[in-house]
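Here's a quick look at how one chain is built and how it sits against its partner. Have the coordinates open while you read.

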Amino acid sequence: MSLTPSQWAALLPLLIPAFGACLVTLMSIDKDQATTKWIRGAMYGTALLAVGASFWYLTDLWRTGSQPTFFQLHMDRLAQFTGIFVAVAAALTILQSWDHFHQEGWVKGETLALLLFAVVGMVLFASTTHFVVLFLGLELFSLPLYALVGTVRARSESAEGGMKYFLTGAVASSCFLMGGVLIYGLSGTFDLAAAASILTVQGLALDPLVLVGAALMLLGFLFKVSAVPFHQWTPDAYEASPHPIAGFMSVATKGVAFIALLRVFPGSFGSLGPVGAKMQAVLAVLAVATLVLGNLTALVQSNVKRMLAYSSISHAGYLMLGFVAGTPAAYTGVLFYLVIYLAMNMGAFGLLTAFGLVGEQTTFEDLRGLGWKRPAMGFSAAVFMLSLAGIPPLGGFYGKYMIFRELVGTGHVGLAILGVIASLVSAYYYLRFLVALFLQAPSAEAERLASDRPAVRAPLAGAAVLVSAAIVLAGGFIQYALADGFAKRAITEGLGLLR
Amino acid sequence: MTWLNLHPLTFLVFAPTVLGFLLMALPHALGKLARLLGFLGALAIFVLSLAWLLGHAPAAGGTVMAERTPWFTLVGLPVDYALAVDGLNLWLVLLTTFLVPLTMLGTWNSLKDRMGTFAALFLLLETGMLGALVAQDLFVFYLFWEAMLIPMYFMIGVWGGDERRYAANKFFLYTLSGSLLWLVALLYLANKAGGFNPAVMAQAASALPFGVQGWLFIAFAVAFAIKVPLFPLHTWLPDAHVQAPTAGSVILAGVLLKLGGYGFIRFAIPMFPQAAMHYAKPIALLSVIAIVYGALVAMVQRDIKKLVAYSSVSHMGFVMLGLASMTVIGTQGAMLQMLNHGISTGALFLLVGMLYDRAHTRMIADFGGVAVKMPIFTTFFMIVTLSSIGLPLTNGFVGEFWILNGTFLSGFPWGRFYACLATSGVVLGAVYMLWMFMRVFWGPENKDEDSGTHHLHSDLNAREIAVMLPIVVLIVWMGVHPKTFVAASETPVAALLQEVKAPAPRTFVLTPAVHEASEAHEAVGAAGAHAPEAPAAHEVHP
């Protein structure tokens, strides 16, 4: 059997990381992996190579444009966008992992293999409208992440967080499955776009079972983006997981879940107008709850990782507001926001590694005075935090700007006002990060402890942080290139409905 | 050089940023070099701005220099990179470029560490201030307006006093709260207008129902009023001023507050003329309260710096009163008063800083008889004090006189009454300044071991005198020949007010007879009759 180039194009973004994952797994069989430096180097090199190859391949594919559908895989611009997005997140994660796992003393090949499998699942998840493939993708990236959260088995909290994430995640997955089955039962097809048109023709658009099915599917997505009230796993899972993995989860899981939501709800279910309207109403209510709860809870956290977890919940709220506005420009804004969010959050978690904070030492106290000791990291931290707060002229501002603009344009002025108030509140806890870094001197105790320890060396994590900061700055100064050239084309050429 | 000929404003605005980032990249050990480079750079910018902005003959509309080019279109809204210097902002731009190097020189030895970073932040702040002043597109204005917060936040938070973290956060969040709500109004109007060009937006605004215009004006006004700061939105100011390092206080008082008043005259009033006329009375009332309240609170302060901070509230109240009068003379007075306040209060903060650097205290009670120990310092302080009080022949007098004159003659029924009330602020100003002066400088020398006076060992040195001399020259110049500084703004202000009053304001259609009658009534009416909010708010959303 020989495949045409476009068929290869659909498969290779999945095959490259899968192949890399298998190779890394084989390498990690060596029981000396933890002690022999060159094996560790080779494993990380392979993983980085796999991610880099798929990034390179996808950017090349981006130039040729959307590919025809093959075997339920739509390798269109939106899927390519997702692939590039996930590859960048994974590359930053791998770079940070090298330093973080060395600091923790827990360098294992399996973490890399799991990460690469998660990448495969994510690309699959965001490039299909066939329910079974969708579910396959969901599980393929969820299961490795459950394991990754608890990967540092030496820490008992780590296992606790992983178990919590797994149990709640399993429930959400079964709800998602149930929703898909209901839709299938009424329409007789797993292809969601076809199902939507069949249901419309049969006049079942507002059938209670269809609504329940759609709502359950929505629940599955909302769990992954950690929207209130499906957010409880987030702080525990982030706190338990290694910093780079927490960063990866906060960015990539949320990102692909939103992109898949885009493909399913305004995309495939676009013809089911009334269902879409109902789901938008649900999203509006939940977005408000997410913004309020996420931001207010983040205010009182003393642990940076938990603060970032609640901040990531609140960012899900802003992104959901983009769905409430529901215009192509708003979806463009959502994708743009995701790109910047990727850089801001990977950078923020990367800082923890770059500062050498391991285990439970991730409170604001532990950050005191570090900004002056490591000026480049401090500068990046200021970029990330101010951008997360949405202060111009940084990338985060433009993400919010695009979404709020569409909200105001579609008549949701009240929601826009709520959104800006939420970002005002959020500015306080992001400033706390900067207060600790720059405005507070380290305590005498911390100074003494620091002088006992060897100096922190985390060159790769530092490089990852600088790359992230560059992306955030680019989002602030060449925002139109990123928004028009990248995000907008993914929307218009990916989701044909929105052209 | 061709690029420079085409983009002189871009150069002026962004050269400080480029230099600032270079200074940030310098190693820590070269802090003193960075301080010197920062000062020389800021001085060069000042000289260039003087040469370019005063060297160019203004065009017919008063525009000295302008740049406009399409920047980007995001979510369907085009943003123009539009900068211009015209009669309204010419002197504020020069004030900014003047105060930055002066402040750097004036606080040369105030900081002991991280001098390079401080100089760099100062230059970034200069970019923010200049950019906001010259921006002619509301999106660009918003960017600079917000970006200004970042360097100021760090200047207060890192180099400030004991409560610096609280003050910095309060300053940041307070200002942000106003501007975020303003952003929503901006987006709403930009949606209607299809862009951020102020003229187009003004046109779109005039087509909206009056109630909506009112709300939009309020959103604009609140954002600017926080910056001014107008009572009761002033509470961030004393904290920020007292905690900020001297240089931060000077620039905060000297330029940042001006941007609030400038925002009113550049955007809020011309874009919503009807709403501005409608809300002139509440704004004027709040200004009068700010004038009197600020002065009363200043009187009871024990900390000199806090006294100066509250005097800012009072002085900026005059600016807002002048703007609310909607007369040419009142608005011109407000323009001049903004410059006056920048010079006088900036100078006061510098002087207080010089005193603090020597005595390590700012409490009035710790001093006494300073004049004996520091005669030169006392002389300068006296001159600046008199200018702050508004003694004739100093700058303060002209601005306040014009503002009161404009308010008195505004034709508004409340005008004369408010002018009388505001005049009491001038008297109170003399009281708190002179009383402070008396306690600190006159009297027997405070011989107490712990007192501030005891720690004063040296009078001003050559550097400090060099800083104060240009200020004294300006104080006298502006007092004797204010025309130099307000000639440029006369035509644009007159044109602006003509526009504002042209569309026959709905709520103030009064025949002269009615006018006289109501004025007479107001003049004898008790203060209680002036509850402003209730009727005004009622009319906005019928």
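Predicted model: local features only at pLDDT ≥ 70, side-chain atom pairs only at ≥ 80, totals over all residues.

Two residues count as being in contact when they have heavy atoms within 4.5 Å.

On secondary structure, chain B has 24 helices and two strands. As for its overall form, a compact globule of 542 residues would have a radius of gyration near 24 Å, so the 23 Å of chain B agrees with that. Along the principal axes, the C-alpha atoms of chain B fill a box of roughly 65 × 60 × 40 Å. Of the 542 residues in chain B, 64% are buried.

What about charge? Chain B carries 26 positive and 27 negative side chains, and the centres of these two sets lie 3 Å apart.

| Surface | Area | Share from carbon and sulfur atoms |
|---|---|---|
| Buried between chain A and chain B | about 3300 Å² | 80% |

Which residues of chain A lose the most area to chain B? They are A:Trp372, A:Tyr401 and A:Leu439, and together they make up 22% of what that side buries. Counted by contacts, 36 residues of chain A touch 36 residues of chain B.

Technical notes. Residues numbered from 1 in each chain as written. Chains lettered and ligands numbered in written order. Heavy atoms only, no water. Helix = DSSP H or I, 4+ residues; strand = E, 2+ residues; numbered from the N terminus. Rg over C-alpha atoms; globule rule 2.2 N^0.38 Å. Buried < 20%, exposed > 50% of the residue type's maximum accessible area, 1.4 Å probe, protein only. Lys, Arg positive; Asp, Glu negative; His and termini not counted. Charge placed at Lys NZ, Arg CZ, Asp CG, Glu CD. Buried area = accessible area lost by both parts, 1.4 Å probe.
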